[in-house]
Amino acid sequence: MAFIALLTTRSVHVRVILTIRSDFYETLLPHLEEELRASSFTLARPSQLALLDMVSRPAEVAGLTFEEGLAERIVEEAGTDTGSLALIAYTLDELYEASRARVIQTLTHADYDMLGGVQKVIGTRAEQVFGD
């Protein structure tokens, strides 16, 4: 509740921008109903083209490259269901870690296949955590 109180504190010096996934909206609504009704801006689920931009553009800025077709493959395999962006983000983090040993950081199909692709990477990590 302290976090909610902090979010609703008015200040001329601080503006709060809160992002909420749609599946958590109902949980916060009772606590922030007035604020959410007064100033919400709903974003649609991103298209595959938007997801592709979300994958490739930050990588480009960071100096990373994808092997031909890999970014498209990741987005395609992730789909556009709720949570796909989080799944893509986790997969990219694991893929980046797999590429760190190379001088030129290219994200490769081989590393992606080693991870098991988008659908398996989370399960693999969950098994590791459970095993530990």
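These legends describe close-up views of a predicted model. Local features need pLDDT of at least 70 and side-chain atom pairs count only at pLDDT 80 or more, while totals for chains, interfaces and linings use all residues. Residues are numbered from 1 along each chain as its sequence is written, and side-chain values use heavy atoms, without hydrogens and water.

**View 1. The largest nonpolar core, of 20 residues.** A nonpolar core is a set of buried (under 20% relative accessible area, 1.4 Å probe, protein chains only) Ala, Val, Leu, Ile, Met, Phe, Trp, Tyr and Cys residues joined through side-chain atoms within 4.5 Å. V55, F66, L70, I74, I88 and L95 have the most contacts inside it. At least two core residues come from each of α3 (48-61), α4 (70-78), α5 (84-99), α6 (109-115) and α7 (117-131); helices are DSSP runs of H or I, at least four residues, and strands runs of E, at least two, numbered from the N terminus. The largest share, five residues, belongs to α4.

**View 2. The buried face of α4.** L70, A71, I74, V75 and A78 are the buried residues of α4. Down the helix axis they fall within an arc of 135 degrees (directions from the axis to the C-beta atoms), so they line one face of α4. They pack against α3, β1 (65-66), α5, β2 (106-107), α6 and α7.

**View 3. Contact between α3 and α4.** The axes, lines fitted to C-alpha atoms over the stretch in contact, come within 9 Å and cross at roughly 130 degrees (from 0 to 180 degrees between N-to-C directions). Q48, L51, L52 and V55 of α3 meet A71, E72, V75 and E76 of α4, contact being heavy atoms within 4.5 Å.

Notes. Buried means under 20% relative accessible area, exposed over 50%, partly exposed in between (1.4 Å probe, protein chains only).
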